[in-house]
Amino acid sequence: MNSENFSISEKIVSPSYIRQGSQARRSHEQLIRLLLEQGKCPEEGWSESTIELFLNELAVMDSNNFLGNCGVGEREGRVASSLVARRHYRLIHGIGRSGDIAAIQPKATGSSLLNKLTNSVVLDILKLSGVVTSCFVVPMATGMSLTLCFLTLRHKRPKGRYIIWPRIDQKSCFKAMITAGFEPVVVENILEGDELRTDMEAVERKVQELGAENILCIHSTTSCFAPRVPDRLEELATMSAKYDIPHVVNNAYGVQSSKCMHLIQQGARVGRIDAFVQSLDKNFMVPVGGAIIAGFNESFIQEISRMYPGRASASPSLDVLITLLTLGASGYRKLLAEQKEMYTYLAQELKRLAAAHGERLLHTPHNPISLAMSLDDLQTQSGKSVTQLGSMLFTRQVSGARVVALGNKQMVSGHMFSGFMSHSEAYPHPYLNAASAVGITRDDVTLCIKRLDKCLKSLRKESSARSGSPIPLTGQEDHAGEHVYKCNKK
């Protein structure tokens, strides 16, 4: 209620009680006022009642919620289901206009304000994560967002036909280049210890071989599955500047990693990074369907936003704004700290388990999120046991773990990848991946290790039964009081 309605209410209920209610209302409004003034993520998270009040205030500014509104157009925010209307807080019009996803909609002032505030709050979080940049939220996942970046570059580099891509075995980033109409030039990684790293000499040879003017961009990666580690962004950025070639970074789940964000900031400082793309769901724990396109040249980022055809769904913007207002900057910083803590715990537990089964935790210190445990001994017992392990974990409700066997081949959009999923034509070890991503808990790690241990024991027993040579196991008590079985090899 406004001040006038509060004054009238004092004639109905005791003025002292009304004043108390008015003060409570003002405390909510003060938080909203600070958000509108500063455009930053609040330090402390908001209550659900404040968030709902704010969203309702935005919704009543959209024409579909005007009392007595008479809509005679084809797009008037009509919704058949009241359940759908409530799910979207009656913010129905979406964001942007037919020519620009960032444009203001005259019929949707509240939704337009939502969009502007979301971009501002997300920008504040990127700065909190260590990168000073320009950005906007787009209602597409990472792959299609990368495609939008490539299509925007097409107008700047009409001769550009090729995209140089240090190999990472993830289909969507490869298909993003194909969908945009370009030819990916796959550069194999080099093995350094257990890590797969960018072959800078091979990248430069490709630049010289193809001609810089014929290359649309270099497409690098930060967040990835071990034993692949983030690309050498500083060197790639320096090379991009040297040859005047745009540089687009796939930073899918890298916002949660200070190391990945530092690589991006450093790359932009010493060389060239035109845009970097990150997923909303992986970094902010919201439903799949949105991404952040960011860069260091505001005019280029605006150019990408104008490339998006038509209006867009406001759902990803709404989801991430609600989430960040709930967490606050302090809450998100806490999640980032917990991610690092859980990474250390997961590494310790995987290393302990690997030793108990004659395996080892692969040494990949440059990867701040993903870990890999060798499966060499399991491969020796039976090649089928490696792939069977993945199925066993999934049926036991361990999601997200990837089991990579040797020799996989996969055709992706006309390109044959040898050793698919291992980021290399001939990686020397089969392995299992696990990741410490934002939101993971200690219970998740503990339960995963327990179930993985049981699966490995079961496969070992099956292998022993088939070979007719049982392998004795001895039980040892670990510090937690659980049994750790070690293999006594002859």
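**Entry 1: a residue in a loop**

Buried means under 20% relative accessible area, exposed means over 50%, and partly exposed is what lies in between. I wanted that cut-off first, since I started with Ala437. I am working with a predicted model. Is Ala437 buried, exposed or partly exposed? Its relative accessibility is 28%, so I noted Ala437 as partly exposed. I found Ala437 in the loop between S14 and helix H16, which covers 442-467.

Next I looked at what surrounds Ala437. Not counting residues up to four places away in sequence, Ala437 touches Gln256, Gln339 and Ile369. I also checked Lys282: Ala437 and Lys282 are 155 residues apart in sequence, yet 7.8 Å apart in space, C-alpha to C-alpha.

**Entry 2: into strand S14**

I moved on to Asn433, which sits in strand S14, residues 431-435. Why does Asn433 count as buried? I read a relative accessibility of 1% for Asn433, and the limit for buried is under 20%. So Asn433 is buried, whereas Ala437 is partly exposed.

Which residues are in contact with Asn433? Leaving aside neighbours within four places in sequence, I listed Phe225, Ala226, Ser370, Leu371, Ala372, Gly400, Ala401, Arg402 and Val404.

**Entry 3: positions from a record**

I looked up the UniProt record, an unreviewed entry, and under "binding site" it lists Arg269, Arg396 and Lys461. These positions are spread over 193 residues of sequence, and they are spread in space too, up to 54.9 Å between C-alpha atoms.

I then took two of them in turn. Arg269 lies in helix H10, residues 258-270. Its relative accessible area is 58%, so Arg269 is exposed. Arg396 is in the loop between helix H15 (383-395) and strand S11 (402-404). With 38% relative accessibility, Arg396 counts as partly exposed. Apart from neighbours within four places in sequence, Arg396 is in contact with Arg451 and Cys455.

**Entry 4: two pairs of helices**

Two packed helices are described by the angle between their axes and the distance between the axes. I looked up both values for H2 and H3.

Helix H2 covers residues 15-38 and helix H3 covers residues 48-59; their axes come within 10 Å and cross at roughly 65 degrees. How do H2 and H3 lie, roughly parallel or roughly perpendicular to each other? Angles of 65 to 115 degrees count as roughly perpendicular, so that is how I noted H2 and H3. Their crossing is right-handed. The contact is made by Arg25, His28, Leu31, Ile32 and Leu35 of H2 with Ser49, Thr50, Leu53, Phe54 and Glu57 of H3.

**Entry 5: stepping back**

Last, I looked at the whole chain. I noted 16 helices and 16 strands. Of its 490 residues, 52% count as buried. The C-alpha atoms fill a box of roughly 90 × 60 × 40 Å, taken along the principal axes. Among contacts with a separation of 6 or more, 70% are between residues 24 or more positions apart.

Technical notes:
Residues are numbered from 1 along each chain as its sequence is written. This is a predicted model: local features need pLDDT of at least 70, side-chain atom pairs count only at pLDDT 80 or more; totals for chains, interfaces and linings use all residues. Side-chain values use heavy atoms; hydrogens and water are left out. Helices (H or I, at least four residues) and strands (E, at least two) are DSSP runs, numbered from the N terminus. Buried means under 20% relative accessible area, exposed over 50%, partly exposed in between (1.4 Å probe, protein chains only). Contact means heavy atoms within 4.5 Å. UniProt positions are given in the numbering used here, feature names are shortened, and annotations may be inferred rather than shown by experiment. Axes are lines fitted to C-alpha atoms, for helices over the stretch in contact, and angles run from 0 to 180 degrees between N-to-C directions. Angles under 35 degrees count as roughly parallel, over 145 as roughly antiparallel, 65 to 115 as roughly perpendicular and the rest as oblique. A crossing is left-handed if the near helix is turned anticlockwise from the far one by less than a right angle, and right-handed if clockwise.
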